[in-house]
Amino acid sequence: MSTVATTATTAEKTTAEKKPITDEKTERKPQRARVDDRFKIFSGTANEALCEEVCAFLGLTRGQALVTRFADGEAYVQIQENVRGADVFVIQPTCRPVDEHLMELLLMIDSLKRASARRITAVIPYYGYARQDRKDKPRSPISAKLVADLLTTAGADRALLIDPHTMQLQGFFNIPVDPLFASPVLVDYFKKLNLPNLTVVSPDAGGVERARFFAKKMDAALAIVDKRRVEMNVAEVMNVIGEVNGRTCLIIDDLIDTAGTLVKVAQALIENGAGTVYACCSHPVLSGPAVENLVNSPITDVVVTNTIPLSEAAKQVPKIKVLSIAGLIGRAIQSIHEETSVSRLFI
């Protein structure tokens with residue numbers, strides 16, 4: 001049995017990573033270290049650096065857990081401290097490799113349930129399978145619903161999600177769900193840039209509500225790009241709806257996968273006279289040729305959050321900038337633990 005990850009300090013690993021930018025407005029100074037046997041935070045191996053940031057923000061020590069794998073790849077989890085009667089939070093985005101990280105999360109929740117934790121909250125910064133939220137073809141699964149059922153069956157009492165792909169995702173759960181948005185962090189960052197003649201752009205019709213909300217907070221104009229998807233992960237941009245000629249454009253989406261859509265949208269904006277194009281998203285999935293596509297694109301900067309750790313290739317790209325949402329997650333976790341309203345975290 002080979003060990004993949006333990007709870008040993010991640011200081012050496014995070015030193016080499018691209019440092020996320022922490023905004024001053026929505027963050028606050030980390031609290032002093034405290035000992036609370038009824039308040040614990042654990043993490044799988046998907047994004048240990050984010051968990052460490054959240055723990056530092058709350059003044060807590062990360063919970064002791066062992067996550068290992070057998071030679072055949074089978075996962076094994078052991079909680080290495082007493083959690084009986086505790087309010088426990090497990091931070092684990094289901095990013096690549098999606099199935100491995102999802103299985104880790106399920107096993108950790110099951111272990112905590114069998115160890116008599118009072119309440120278990122699954123903190124999922126990136127919810128994998130969220131795009132499979134309906135039957136778009138005959139005899140296809142609704143995978144987002146299945147994952148929600150698995151989390152509930154494993155023993156999760158509630159879930160905390162960051163920018164779910166669709167808000168209707170909450171309806172797949174039979175437990176309380178708190179959906180948060182990374183927009184406070186992103187809005188504050190772009191406000192500081194003071195971009196002239198700004199137009200916020202939705203890359204498709206489905207993202208109009210998100211873009212409209214962002215544009216309102218930025219006091220900016222709104223544009224929409226009409227596209228026709230010809231096959232999975234490939235999109236053909238058709239036309240731009242709205243005024244972008246001579247303006248600074250900011251494309252906003254919930255995630256960037258292969259960046260094919262994003263690059264074509266940026267090219268369409270440039271062809272329609274846009275001066276400068278920026279892009280931002282909550283979840284930098286960045287699979288396949290994404291990094292190469294972004295490097296060769298006309299986009300000036302791509303601003304993302306640290307819901308998902310960047311790949312080594314992405315860390316080397318200067319135009320990809322990372323903002324930290326540890327403070328946002330930390331405040332949400334504290335509100336849930338103290339049974340106070342989470343709505344104050346929305347803007």
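This is a predicted model: local features need pLDDT of at least 70, side-chain atom pairs count only at pLDDT 80 or more; totals for chains, interfaces and linings use all residues.

**Reading strands, helices and cores**

Tutor: Strand β6 (residues 119–124) is largely enclosed by the rest of the structure, because six of its six residues are buried. Buried means under 20% relative accessible area, exposed means over 50%, and partly exposed lies in between (1.4 Å probe, protein chains only). Helices (H or I, at least four residues) and strands (E, at least two) are DSSP runs, numbered from the N terminus.

Student: Which strands pair with β6?

Tutor: Two strands pair if DSSP finds at least two bridges between them. Strand β5 (residues 87–91) runs parallel to β6 and is joined to it by five bridges; isoleucine 91 has valine 123 as its bridge partner in β6. Strand β7 (residues 158–162) is also parallel to β6, with four bridges, and there leucine 161 stands opposite isoleucine 124.

Student: How should I read the handedness of a crossover?

Tutor: A crossover is right-handed if, with the strands pointing away from the viewer, the path from the first strand over the helix to the second runs clockwise. β6, helix α4 (residues 143–154) and β7 make such a right-handed β-α-β unit.

Student: Where does serine 111 lie, and what does its side chain reach?

Tutor: Serine 111 belongs to helix α3 (residues 98–114). Its side chain reaches the backbone oxygen of leucine 107 at 2.8 Å. Contact means heavy atoms within 4.5 Å; not counting residues up to four places away in sequence, serine 111 touches Val77 and Ile79.

Student: Is leucine 286 buried or exposed, and what is its phi?

Tutor: Leucine 286 is buried, with a relative accessible area of 6%. Its phi is near 45 degrees, a positive value in a residue other than glycine, and the residue is found in the loop between β13 and α8. Serine 116, in the loop between α3 and β6, also has a positive phi, near 70 degrees. Serine 116 is partly exposed, with a relative accessible area of 30%.

Student: How many residues of strand β13 are buried?

Tutor: Eight of the nine residues of β13 (residues 276–284) are buried, and the strand is mostly covered. Strand β12 (residues 248–256) runs parallel to β13, and eight bridges join the two. The chain passes from β12 through helix α7 (residues 260–271) to β13 in a right-handed β-α-β crossover. β13 is also joined by two bridges to strand β14 (residues 302–305), again in parallel, and cysteine 280 stands opposite valine 303 in β14.

Student: Why is helix α2 described as largely enclosed?

Tutor: Eight of the eleven residues of α2 (residues 48–58) are buried, so the rest of the structure largely encloses it. Among the buried residues are Leu50, Val54 and Phe57.

Student: Which residues touch the most other members of the largest nonpolar core?

Tutor: In soluble globular proteins, nonpolar side chains tend to be buried together. A nonpolar core is a set of buried Ala, Val, Leu, Ile, Met, Phe, Trp, Tyr and Cys residues joined through side-chain atoms within 4.5 Å. The largest one has 43 residues, of which Ile41, Val54, Phe190, Phe214 and Ile333 touch the most other members. A second, separate core of 34 residues includes Val67, Val90, Leu106 and Ile109.

Student: How many helices and strands does the protein have?

Tutor: The protein has ten helices and 15 strands, and buried residues make up 55% of its 347 residues.

How values were computed
Residues are numbered from 1 along each chain as its sequence is written. Side-chain values use heavy atoms; hydrogens and water are left out. A polar contact is a pair of N or O atoms within 3.5 Å; within protein, one must be able to donate a hydrogen and the other to accept it, and residues adjacent in sequence count only if both atoms are side-chain atoms.
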